[in-house]
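Please read the following briefing alongside the sequence and the coordinates.

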Amino acid sequence: MEGLLWLFGVAGFSLAAGALAEANRLSTQLKALEARISVLEEKPVSQNESSGTSM
């Protein structure tokens, strides 16, 4: 019985560590995406319009 509890403990710890790593990865991706969005928001509107109206 103790072996089974130990096994569940190890599995739970492993699952928690994996979830923490995934949350960290998603947080990093979110920060990168926010940085890219802020760069796009800083571009002047005239550059965006001139590229879309050249027909």
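R25 has a relative accessible area of 40% and therefore counts as partly exposed, where buried means under 20%, exposed over 50% and partly exposed in between (1.4 Å probe, protein chains only). The model is predicted: local features need pLDDT of at least 70, side-chain atom pairs count only at pLDDT 80 or more, and totals for chains, interfaces and linings use all residues. Residues are numbered from 1 along each chain as its sequence is written, and side-chain values use heavy atoms, with hydrogens and water left out.

**Salt bridge**
- The side chain of R25 forms a salt bridge with that of E22, at 2.5 Å from N to O; the term requires a side-chain nitrogen of Lys or Arg within 4 Å of a carboxyl oxygen of Asp or Glu.
- The structure holds 1 salt bridge.
- E22 is partly exposed because its relative accessibility is 35%.
- Both R25 and E22 belong to helix α1, 3 residues apart, or about one turn of the helix.

**Nonpolar patch**
- M1, L4, L5, W6, L7, F8 and V10 make a nonpolar surface patch of about 860 Å²; patches take residues with over 30% relative accessible area and no salt bridge, joining nonpolar side chains (Val, Leu, Ile, Met, Phe, Trp, Tyr) within 5 Å and like charges within 9 Å.
- M1 is exposed because its relative accessibility is 78%.
- M1 sits in the segment before α1 (2–42).

**Whole protein**
- The secondary structure comprises 2 helices and 0 strands, taken as DSSP runs (helices H or I, at least four residues; strands E, at least two) numbered from the N terminus.
- Of the 55 residues, 0% count as buried.
- The accessible surface is about 5200 Å², with 67% belonging to carbon and sulfur atoms; areas come from the Shrake-Rupley method with a 1.4 Å probe, and for residues only the protein chains shown count as cover.
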